[in-house]
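Hello,

Here is the structure I promised to pass on to you. Please open it next to this email, and then read on for what turned up in it.

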Amino acid sequence: MRIVLVGPPGAGKGTQAQFIASHLSIPKISTGDIFRANVSGGTELGRLAKQYMDRGELVPDEVTIAMVRDRLGEDDAQDGFLLDGFPRNVPQAETLKKILTEWSLGLDMVLELVVDEDEVVRRLSGRRTCKKCGRIWHVDFDDKKDDICDDCGGHLFQRDDDKEDVVRRRLEVYGEQTAPLVQFYADEGILVGIDATGPVEEVTKRALSALRPLEK
Ligand code: AP5
């Protein structure tokens with residue numbers, strides 16, 4: 001199964017991706033996570049990406065596309081994948097289509113997480129991520145009173161790009177560059193939108209039931 005998750009910052013893509021990918025036994029490929037790992041590792045790619053991420057802007061397409069092409073070529077992605085955060089504009093979507101066509105492959109579904117802007121801001125302002133295992137938490141919704149991951153004991157941190165002014169810019173960039181993707185994939189006939197409000201487990205159930213027709 002080859003799936004793309006799309007939705008505004010804070011819609012819950014990363015949260016749902018971890019459950020969906022594990023349910024379907026396919027790798028979750030998050031461009032945001034790959035960039036953040038490179039920033040932490042102090043690589044040249046990380047240094048470049050950080051300049052854009054800290055401003056809430058998109059990392060240039062040529063850099064992002066080359067990185068995704070390499071990742072999709074790895075062994076674990078040969079039987080399917082779940083893309084989270086890519087593609088993020090129409091040129092990236094067109095290039096992804098070209099790459100998959102070259103490999104005689106195609107996307108099975110694009111799942112859109114639909115949630116309004118007020119909820120997104122509430123979610124992002126309380127988000128914490130585990131430094132060790134990457135698990136995403138929320139200070140209020142998960143009732144997190146300390147900065148320790150309940151799963152692995154790792155330290156939780158707040159992302160630099162979750163500051164209010166950067167969140168505002170990320171939402172603008174989503175409206176200008178990423179929202180047009182929804183129409184692009186609707187025209188391709190593979191877009192399915194689900195209501196991404198309510199408890200995490202309810203959203204996961206809706207996502208899995210939208211994907212069920214693809215399961216053999
Ligand atoms: P990226 O990491 O992809 O960020 P994003 O798309 O802005 O999405 P987020 O990770 O902020 O949100 P999410 O939808 O995953 O929400 P989450 O599950 O964490 O990208 C970061 C940056 O990298 C970009 O700005 C750009 O610079 C660069 N980049 C990445 N991809 C790129 C590309 N393709 N091209 C160019 N540049 C690229 O949930 C948020 C919070 O809400 C959490 O605390 C969670 O616990 C909580 N939550 C989730 N679901 C629920 C629920 N149902 N109820 C209550 N709380 C919930």
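Before the strands, one definition: two strands pair if DSSP finds at least two bridges between them. Please also keep in mind that this is a predicted model.

Let's start with strand E1, which covers residues 2-6. E1 is joined to strand E3 (residues 81-84) by four bridges, and the two run parallel. Strand E4 (residues 109-114) also pairs with E1 in the parallel sense, again over four bridges.

Now look at the side chains. In a regular strand they alternate between the two faces of the sheet. In E1, Arg 2, Val 4 and Val 6 point one way, while Ile 3 and Leu 5 point the other way. Are these residues buried or exposed? They are all buried, and E1 is described as mostly covered, with five of its five residues buried.

Arg 2 turns up again in the next part. Rolling a probe the size of a water molecule over the atoms shows where empty space is left. A search of the whole structure finds one cavity of 30 Å³ or more, and the space in the largest cavity is about 30 Å³. Which residues line the largest cavity? They are Arg 2, Leu 72, Ala 77, Gln 78, Phe 81, Leu 100, Trp 103 and Leu 105. By type, this lining has six nonpolar residues, one polar and one charged.

Next, the ligand. There are 35 residues around the ligand, and those that come nearest are Thr 15, Glu 57, Arg 88, Arg 127 and Arg 170.

- Gly 14 has a backbone N or O atom 2.8 Å from an oxygen atom of the ligand.
- Thr 15 has a side-chain N or O atom 2.6 Å from an oxygen atom of the ligand.
- Gln 92 has a side-chain N or O atom 2.9 Å from a nitrogen atom of the ligand.

Last, have a look at Lys 144, in the loop between strand E6 (136-138) and strand E7 (156-157). Why does Lys 144 count as buried? Buried means under 20% relative accessible area, and Lys 144 is buried because its relative accessible area is 11%. A polar atom of the Lys 144 side chain lies 2.8 Å from the backbone oxygen of Ile 148.

Enjoy exploring, and write back with any questions.

Best wishes

Note on methods:
Residues are numbered from 1 along each chain as its sequence is written. This is a predicted model: local features need pLDDT of at least 70, side-chain atom pairs count only at pLDDT 80 or more; totals for chains, interfaces and linings use all residues. Side-chain values use heavy atoms; hydrogens and water are left out. On a 1 Å grid over the protein atoms alone, a cavity is a set of points where a 1.4 Å probe fits but cannot get out, and a pocket is an open set with protein on both sides within 12 Å along at least five of seven lines; lining residues have an atom within 4 Å of a point. Grid points are joined across faces, edges and corners, and a volume is the space filled by probe spheres set on the points. Ala, Val, Leu, Ile, Met, Phe, Trp, Tyr, Cys and Pro count as nonpolar, Asp, Glu, Lys and Arg as charged, and the others, Gly among them, as polar. Buried means under 20% relative accessible area, exposed over 50%, partly exposed in between (1.4 Å probe, protein chains only). A residue is near a molecule or strand if one of its heavy atoms lies within 4 Å of it. A polar contact is a pair of N or O atoms within 3.5 Å; within protein, one must be able to donate a hydrogen and the other to accept it, and residues adjacent in sequence count only if both atoms are side-chain atoms.
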